[in-house]
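Welcome! Please take a look at the sequence and the 3D model shown here, and keep them at hand while you read.

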Amino acid sequence: MTRQLLPASLENRRRDIPVVDSLPAKGFPGYVNGLRRMGTVHDVYGWTNVLAHINMSADEAYALTDKRSPHALYELMLMSAGTEPRPGLHDHSPEFGRALGVIAARFAEHCRAYQLSPVVSWSYDPHTVDRESIQGEKRFHAHLVGRTQAERAAVAARAVRAGRLSPVRSRRIVEEASVLGALISADIVDGDALRVLEPVPALSTHTATATAQFRLPDGWESLASPELHADLTYIHRKLRRMYDEITRVCTTGTAGMWRRPMVREFDPQDIDVPLRTATRATLAHYLRGLRPELLSEPVERSRKAYVYPLADLAYAVTIAEQDAEVFLHLRTNVFSDLGGAGISIMDGVIVKTKKGVGDMSPAETAGRAAFQGDFLRMLHRHPQAARALFPRL
């Protein structure tokens, strides 16, 4: 489980990344968190508090909801609410992407009025259903979180290098595949093909080591660009092509319930994707170090979560501020079960959130509701409201 999967120089970089394990988040009194997938729109209403519901077409919609198992005091969630579950942002129309971008940009503006630091995130992992998944709810859903100044101060005070954690905790918060994903993304994503996002060179920062990092040139307002959806769809296609090619050349067997492909003998030159020589060598080193257990039944959690891989392509997106700029971070996952809300990025620190640590007081639940209500009123009055509330117009 603790076998070194990266070359020593990259493993040292991974171990040097600042992390916090963990930042606590209070829960609602009496609420017991459980995994219940929302197969129908009725489930969305039954298992969340729906604040707004916008129909875009006969089979596409979104709902703004109050999350029942909070990742922060100040937050809300945008959830795909069409008739059929669509797990990825790329599975949705450009109009849906535009609505998400406008809402996220306006959420960031609302956070500034409350002296909060905004963080927007979502995950993609539709195929993992046997072990813990980074996308527990398979409908696309984006977390919109406002972090307090006290939380930022706590993160700054408690940050340590990942290498100081146990191997299991280190892998869970900054897994080796995230570093490998940063290198691969730098090779396969053509910056000239992007319309909004600007790639940050891989390994140039701690966050560009733990994620594929992209600068948003106009800050949070970049999210309101109609072109952002096309950028994210393009990046997904590149990752999908890369994952499929690695699977074709380097593995045998298929994924299923408690079944994963095995790594076989392979020639890294046969991976038909343009990679730099160093990236190709790092990929080969990583794959040859993998020895995932093929388990016939569930076992204790620490083993299955950090030795037994996810079922298919999986990644998390986090948008956050760092050094007075705004960046989008894409973190690839193979073993870690923590998605875009479970792992946040605050001022360049990778932060694990631990939910349900204590209960919110009546004053805190009232403040949360007021924050959400004020945001909905602001959004409705904003000049860009039509692009969020009537995105087909």
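Predicted model: local features only at pLDDT ≥ 70, side-chain atom pairs only at ≥ 80, totals over all residues.

Residues are numbered from 1 along each chain as its sequence is written, and side-chain values use heavy atoms, with hydrogens and water left out.

Helices (H or I, at least four residues) and strands (E, at least two) are DSSP runs, numbered from the N terminus. Two strands pair if DSSP finds at least two bridges between them. Strands of a sheet pair through backbone hydrogen bonds, either parallel or antiparallel.

Now find the open sheet made of four strands, which follow the order β7-β1-β15-β14 with mixed pairing. Strands β7 (160-161) and β14 (343-346) are at the edges and have a single partner strand each, so one side of each is left without a neighbour in the sheet. Strand β1 (residues 18-27) runs antiparallel to β7, and two bridges join them. Pro-18 is found opposite Arg-161 in β7. Helix α4 (residues 149-158) packs on this sheet and touches β1, β7, β14 and β15 (349-359). Contact here means heavy atoms within 4.5 Å. The direction of α4 makes about 145° with that of β1; axes are lines fitted to C-alpha atoms, for helices over the stretch in contact, and angles run from 0 to 180 degrees between N-to-C directions.

Strand β1 also holds Ser-22. A cis peptide bond joins Asp-21 and Ser-22, with omega at about 10°.

## Strand β12 and its partners

Which strands pair with β12 in the antiparallel sense? One is β5, over six bridges, and another is β13, over eight bridges. On the β13 side, Ala-320 stands opposite Phe-327. Strand β12 is mostly covered, with seven of its eight residues buried. Buried means under 20% relative accessible area, exposed means over 50%, and partly exposed lies in between (1.4 Å probe, protein chains only).

The hairpin of β12 and β13 has two residues between the strands, and Asp-323 takes a positive phi near 55° there. Ala-324 is found in the loop between β12 and β13 (325-332), while Asp-347 is in the loop between β14 and β15. Ala-324 has a positive phi near 65° although it is not glycine, and Asp-347, also not a glycine, has a positive phi of about 55°.

| Residue | Relative accessible area | Class |
|---|---|---|
| Ala-385 | 7% | buried |
| His-229 | 9% | buried |
| Asp-347 | 38% | partly exposed |
| Ala-324 | 84% | exposed |

Ala-385 lies in helix α12 (residues 385-389). Not counting residues up to four places away in sequence, Ala-385 touches Leu-379, His-380 and Phe-390. Its C-alpha atom is separated by 8.1 Å from that of Val-102, which is 283 residues away along the chain.

His-229 lies in helix α8 (residues 228-250). Beyond its neighbours within four places in sequence, His-229 is in contact with several residues, including Leu-89, His-90 and His-92. A polar atom of the His-229 side chain lies 3.3 Å from the backbone oxygen of Leu-89.

On a 1 Å grid over the protein atoms alone, a cavity is a set of points where a 1.4 Å probe fits but cannot get out, and a pocket is an open set with protein on both sides within 12 Å along at least five of seven lines; lining residues have an atom within 4 Å of a point. Grid points are joined across faces, edges and corners, and a volume is the space filled by probe spheres set on the points.

By this rule there are four cavities of 30 Å³ or more. The largest cavity holds about 120 Å³ of space. It is lined by 16 residues, and Leu-89, Trp-122, Leu-232, His-236 and Tyr-315 are the closest to its centre. Which element gives the largest share of this lining? Helix α8 does, with five residues.

The second largest pocket holds about 640 Å³. Its lining has 29 residues, and those nearest its centre are Tyr-243, Ile-246, Thr-247, Leu-287 and Val-334. Here, too, α8 gives the most, with five residues.

Conventions. Polar contact = N/O pair within 3.5 Å; in protein donor to acceptor, adjacent residues only side chain to side chain.
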